[in-house]
Amino acid sequence: MIRKGFTAFIGVNNSGKSSLLKFFYEFRSLFASLSNPSNLVNTLSGNSQDLNFPREVLYPQEVFCNTNDRPLTIEFYFLPEGEIGKDSLPIIQEIKVVIPRNNSYTTFITINNQKLNIKQENINLDNGIILNIKKLGELIASVDISYILAEFKHLSKTLYIGPFRNAISVLPILHPSVMNDIDNQYLSYFDINVGRAFIRQWRQFKTGADRNRSIATLELTDDIKRIFSFEQLEINSSNDDQSMQLFINRKVYNLSEIGSGLAQFILVIVNVAIQNPSYILIDEPELNLNPVLQLDFLTTLAKYASQGMLFATHSIGLARASAEYIYTVRQTSQGSEVSEYEKNSSLPELLGELSFSTYREFGFDKVLLVEGPSEIKTIQQFLRKYKQDHHFLLLPLGGSALINATSKSELEEIKRISDKIFALIDSERLSADEALGAERQAFITNCQEIGINCHVLNYRATENYFTDKAVKLVKGDNYSALQPYEKLENARYGWRKSENWRIAKEMTLDELELTDFGQFLKSLCC
């Protein structure tokens, strides 16, 4: 369930979704240890390794089940690319970690679908390869399983953001030495600095000697100004590090005088930008934010995470509008159960989940139907260049699930909710002279009959419009722009569709408007 991009966990209160996110925080030292080849070999050889927990775990026994005395077992399944052939080197597919109640752990492995007793002097594999412990150590350090070490390293660099986020310091001003002790012990909430520690950190980054950090604070300020539609914004720490002073549209405010939504934006985005994590883990990102800003909050955070974001939410609508992968967390008699969320393709139902009437109250007045979740975040970046991203509610069609001949009744239901409905779909053509597929042509006909303005991209898909410059800025010099009808998966150096929005962000408005894609969006925004 850990993949690049956006992953959502949905469930009712006390279902276990928050505990699932905290698991990655509480066992971060385990992931860091397993990312070290020598530690991995040592524990696979039957030796135990020490395990530490963060200070929020006051008693290590808290992480164990309180109804039995069994050790904790964590199983990791890896899905390397390609198939395991008869003549290929052994591939580790599973690592099982056993943690007894003494703050240590040992590991066991499965190679080529065969569970191994690691204490054997020699290990016989189904494909005829014999390994001893020394050879196993050489295997662990080889490039063949570098993906395992890399994944554990990414998991060791997560950043966890809990549901209570407050930047205001309410502590009295005491002797500096006492204040420093308090700051070091209490002014952090899991992975984020809060209160005076956060305020001082902002001042040091903005006015310190490191120019890159100073520039980063300006970029953050620009992000917040754009999202909240401020004409002017400046953020400063107070002289006593007790609060923050904001200049908004030529008026002065203390942080305690503005809404909790803006305060949360400042607190969380600054912490994330400073730490540059692999994955961001955030509990209930929708808290204190009106519907217009929730998706903005997620995408703004995600640009500072190299791998992606995992979030727990009560909002099915937010999950379906943003996440490539959605899981349901339920409480059962055996504990919490995590399963894939079965996406319902009903657009009217999705509009209900998103509370469209609430969106309209906050400024959304148009609905734009797009291919899927990756297009939502991508087109949001394009609309942002027109300063129109808060005027459109973007809804995923789910590809062929709704882009077909039988979707007319669902489209008619949406027309009852709003008369400003538009659609933008891929052509999926492999050449300029190839005819549009029958199902897509039928979808266009349905839209025409009920009055929905539907545009089919001239090129194959959204990613075929990215410029070479934008692709290289995000992915590096080895990557190149796609040809107009080239499949992303066929490119020599391809990328994941979940990264499209990052590339879209780097394109200029002039580059976009040279295409039919840009001209269509421009016509909607003007």
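**Labels and their cut-offs**

Modeller: Start with Leu 246: setting aside neighbours within four places in sequence, its contacts are Leu 233, Glu 234, Ile 235, Lys 251, Val 252, Tyr 253, Leu 255, Ile 258, Leu 262 and Ile 266. Contact means heavy atoms within 4.5 Å. This is a predicted model, in which local features need pLDDT of at least 70 and side-chain atom pairs count only at pLDDT 80 or more, while totals for chains, interfaces and linings use all residues. Residues are numbered from 1 along each chain as its sequence is written, and side-chain values use heavy atoms, with hydrogens and water left out.

Biologist: Which residues have the most contacts inside the largest nonpolar core?

Modeller: Leu 246 and Ile 266 do, in a core of 71 residues. A nonpolar core is a set of buried Ala, Val, Leu, Ile, Met, Phe, Trp, Tyr and Cys residues joined through side-chain atoms within 4.5 Å. Helix H9 (residues 260-275) gives the most to this core, with 10 residues. Another core lies apart from it, with 34 residues, including Leu 20, Phe 76, Phe 152 and Leu 310. In soluble globular proteins, nonpolar side chains tend to be buried together.

Biologist: Why is Glu 463 called buried?

Modeller: Buried means under 20% relative accessible area, exposed over 50%, and partly exposed in between, with a 1.4 Å probe and protein chains only. Glu 463 has 3% relative accessibility, so it counts as buried. Glu 463 sits in the loop between strand S22 (453-456) and helix H17 (468-475). Helices (H or I, at least four residues) and strands (E, at least two) are DSSP runs, numbered from the N terminus.

Biologist: What joins the side chains of Glu 463 and Lys 497?

Modeller: A polar contact of 3.0 Å. The term covers a pair of N or O atoms within 3.5 Å; within protein, one must be able to donate a hydrogen and the other to accept it, and residues adjacent in sequence count only if both atoms are side-chain atoms.

Biologist: Why does Cys 525 count as buried?

Modeller: Its relative accessibility is 14%, so Cys 525 counts as buried. Cys 525 belongs to helix H20 (residues 516-525). Beyond residues up to four places away in sequence, Cys 525 touches Leu 383, Tyr 386, Gln 388 and Phe 392.

Biologist: What makes strand S21 largely enclosed?

Modeller: 5 of the 5 residues of S21 (residues 421-425) are buried, so the rest of the structure largely encloses this strand. Ile 421, Ala 423 and Ile 425 cover one side, with Phe 422 and Leu 424 on the other.

Biologist: In which sense do S21 and S22 pair?

Modeller: They pair in the parallel sense over 4 bridges. Two strands pair if DSSP finds at least two bridges between them. Leu 424 stands opposite His 455 in S22. Strand S19 (residues 366-370) also pairs with S21 in the parallel sense, over 3 bridges.

Biologist: Why do S9 and S18 count as edges?

Modeller: The open sheet has 6 strands in the order S9-S15-S16-S1-S17-S18, with mixed pairing. Strand S9 (159-161) and strand S18 (335-340) each have a single partner strand, so one side of each is left without a neighbour in the sheet.
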